Amino acid sequence: MTHESPESPVSPVSENPPPTDLLAVLPRIIQFSAAVTRGRLIEHATEAAGLALDRPAMGVLLSLRTADRPLRIGEIADRMQVVGPHVTRQVQALEKRGLVRRVADPHDRRASLIEPTEAGAEGANRYVTSLLAWFAEALTDWSPQDRDDLARLLARLVDDVTARLTRFDEDGEG
């Protein structure tokens, strides 16, 4: 019997085959990811937004757009599931372009929060509008119930996977 490295969030390989229903899902997730990437959906939405940004910078702007308040660098990193220094570089580049700004943290004078500027918020809104229009067209033949089920189940999947990865990171248990 073989095992994954201790750092891996994947459970050890077992002699028992995986459940068939889960085995059928994995290739579809991979296919979906490849189709979206290969189809340049993100790049098209970025172009439609009128922003010449790479994916990481757009990810920062989108994280700020979907937040209900200004965020600390660490909070942005958590939402994007990347490390803080990566976000710091992206925020600095977005600041230079006038798309985000730092504001004082009312709870900690030593810290600052990041929020989109008006231009950043408008660009992020155009980006989101472009993505949503594309997905609306892709799902045009779906019933309202199917769309609701997709939203509910996708949110549940992301929440459960994220929670499991967080537990793994915290105590090494997957």
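Contact, on this tour, means heavy atoms within 4.5 Å. With that in mind, select threonine 117: leaving aside residues up to four places away in sequence, this threonine touches Gly98, Leu99, Val100 and Arg101. Threonine 117 sits in the loop between β2 and α6. It is buried, because its relative accessibility is 12% (buried is under 20% relative accessible area, exposed over 50%, partly exposed in between, with a 1.4 Å probe and protein chains only).

Before moving on, a word on what you're looking at: this is a predicted model, where local features need pLDDT of at least 70 and side-chain atom pairs count only at pLDDT 80 or more, while totals for chains, interfaces and linings use all residues. Residues are numbered from 1 along each chain as its sequence is written, and side-chain values use heavy atoms, with hydrogens and water left out.

Next, pick out the strands. Helices (H or I, at least four residues) and strands (E, at least two) are DSSP runs, numbered from the N terminus. Strand β1 (residues 100-105) runs antiparallel to strand β2 (residues 108-116), and 6 bridges join them; two strands pair if DSSP finds at least two bridges between them. Click on valine 100 and look across: its bridge partner in β2 is proline 116. The link from β1 to β2 is a hairpin of 2 residues.

Now jump to helix α2 (residues 41-48) and color Leu41, Ile42, Ala45 and Thr46, its buried residues. Why do they lie on the same side of α2? Because they cover an arc of only 135 degrees around the axis, taking the directions from the helix axis to the C-beta atoms. Show α1 (20-38), α3 (55-66) and α6 (118-138) too, as they are among what covers those buried residues. Just after α2, stop at glycine 50, which has a positive phi of about 75 degrees.

On to helix α4 (residues 73-80) and helix α5 (residues 84-96), which pack at about 110 degrees with axes 9 Å apart. (Axes are lines fitted to C-alpha atoms, for helices over the stretch in contact, and angles run from 0 to 180 degrees between N-to-C directions.) Select Ile73, Ile76, Ala77 and Met80 of α4, then Gly84, Val87, Thr88 and Val91 of α5, to see the contact.

Last stop: tryptophan 134 and phenylalanine 135, an edge-to-face aromatic pair, 4.9 Å centre to centre with 90 degrees between the planes. (Rings of Phe, Tyr and Trp, the latter by its six-membered ring, pair if their centres lie within 6.5 Å; planes under 30 degrees apart are stacked, over 60 edge-to-face, the rest tilted.) Tryptophan 134 is partly exposed at 42% relative accessibility, and phenylalanine 135 is partly exposed at 29%.
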